[in-house]
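I opened my notebook to record what I looked up in this structure, one entry at a time.

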Amino acid sequence: MISHRENNTQRIAGLDARAEALRLKPGMGIAEARAMHPDIDVVEADPEADRRLLEGLADWCDRYTPLVAIDGENGLFLDISGCAHLFGGEKALLADLMARFFHQGFDVRPGLASTPGAAWATARFATGQILAPGNERKFLARLPLSALRIDARTKASLESVGLRSVGAIMDGPRAPLVRRFGAELIERLDQALGRLEEAISPRLPVAPLSVERHLADPLSLIDDIERLIGLLAATLKVDLERREEGARALELLLFRVDGMVSRITVGASRPIREPVLVRRLFHERLAALGETIDAGYGFDLVRLSALSTARFEARQADLAGEVVEDGGEELAIFADRISARLGEAAVLEAIPVESHLPERAASARPYAQEEARKDGAERPARAAQQATRRLRLPDRPIRLFRQPEPIDVPATEIPDGPPLNFRWRRALHRVARAEGPERIAPEWWRQAADAPTRDYYRIEDAEGRRYWLYRQGLYNAQAVPRWFLHGVFA
């Protein structure tokens, strides 16, 4: 028996079959229940654990339909329209669902109808029944008001005037019922009868394309799973070719025999549909996950889905049948494999930003996200534009320090000239060559009007190491400028 606190009183929240046989009911006080049966076993409710369990069951129900929604604290809605024939019909699907839940140790009470409201009532008042379309009115008429999913206050108000069944509501005048008890009552009735459409909002987005394989002998080895991924990708390729698309994001669902579900996703910076590439990405991802994937007694259903797709630009082959790459294809594949193993932030691309301050002149974004923003027509023009911009920039380090590091400059050749030597991280560096200065004024629209200017120098020390440092401010009677090291040349 499960208990929970309600208005500073411990009450019964859930019962098993043995507790129901003792005539205990949900909502009864725990003190009253113990007075009747002192030996009952009471466990405190854990709403967070219940929520996680319900979400896990919703994941597992994806094996029947991708349209799965959570209903309250203890229910699930499954829209099986167009899916029942894959399991041999509605009756066979319902029997399979009940058998699998039973073997997992769950007591489920399913119901099947043509509307969500009627299915909800069927599951609670005629467990296991399949309600044929058109019989909703006859079935609901004999049920209590709670079958309409109305709140307890409205239910109590209806019962106080002698309306105790759904049939009494059906036969009553609609306008007075709405004025006295609210529009929700009639809305729930119309939804259950199919007069008003009620959509099921799935908890997860539905993939546009999916392929799956039911296995008589469950798989448990990663090598076997990767081989199956290649076979599923070959089937998915046919659908993608028909739509002239490629996959940008792929998801692998592994349904374990005991009800656990593993979701593994990979992304592609450019649309892909070749099975070899798909298998390579999942190989990297599976290798990164390692032992975190627990096969248990094996996976009996494997599904490969294309979560997002984009237009696939086919390229013309030459007379030898070889396709000339555009130069970025191999880089994109390499970046995708690294991202699959180490995460999306492992490969970044520098994007120019409209600012002349070095630390603001570029923004690092994940390579896959930036590639996704470029389509085939824009990519050459944007690459040429960026190349032109890079040619106009002076020689600067590829990577800058996250924060410029202060250095000690004991002397300069002239007051506003480059340093003769400097000390950085407790090491003294003697300057052999220097180029500059490159003066960068502050951005007055972002900084204070009296912010100091920067004079940047490219410095090479006596050992051939090259640095990029700057002087902040100028020598004058009021202040002494400060020196900083901003980056190191490769």
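I began with strand E1 (residues 2-6), which runs antiparallel to E2 and is joined to it by 5 bridges; strands are DSSP runs of E with at least two residues, helices are runs of H or I with at least four, and both are numbered from the N terminus. I noted that this is a predicted model, in which local features need pLDDT of at least 70 and side-chain atom pairs count only at pLDDT 80 or more, while totals for chains, interfaces and linings use all residues. Residues are numbered from 1 along each chain as its sequence is written, and side-chain values use heavy atoms, with hydrogens and water left out.

Within this pairing I found Ser3 opposite Ile12 in E2. I then traced the open sheet of 3 strands, whose order is E2-E1-E3 with mixed pairing; two strands pair if DSSP finds at least two bridges between them. Its edge strands, E2 (9-14) and E3 (43-44), each pair on one side only.

Next I looked up Asp50, which lies in helix H3 (residues 47-60). Asp50 counts as partly exposed because its relative accessibility is 41%, and that class lies between buried (under 20% relative accessible area) and exposed (over 50%), with a 1.4 Å probe and protein chains only.

Last I turned to Ile407, which I located in strand E12 (residues 400-412). Ile407 counts as buried because its relative accessibility is 10%.
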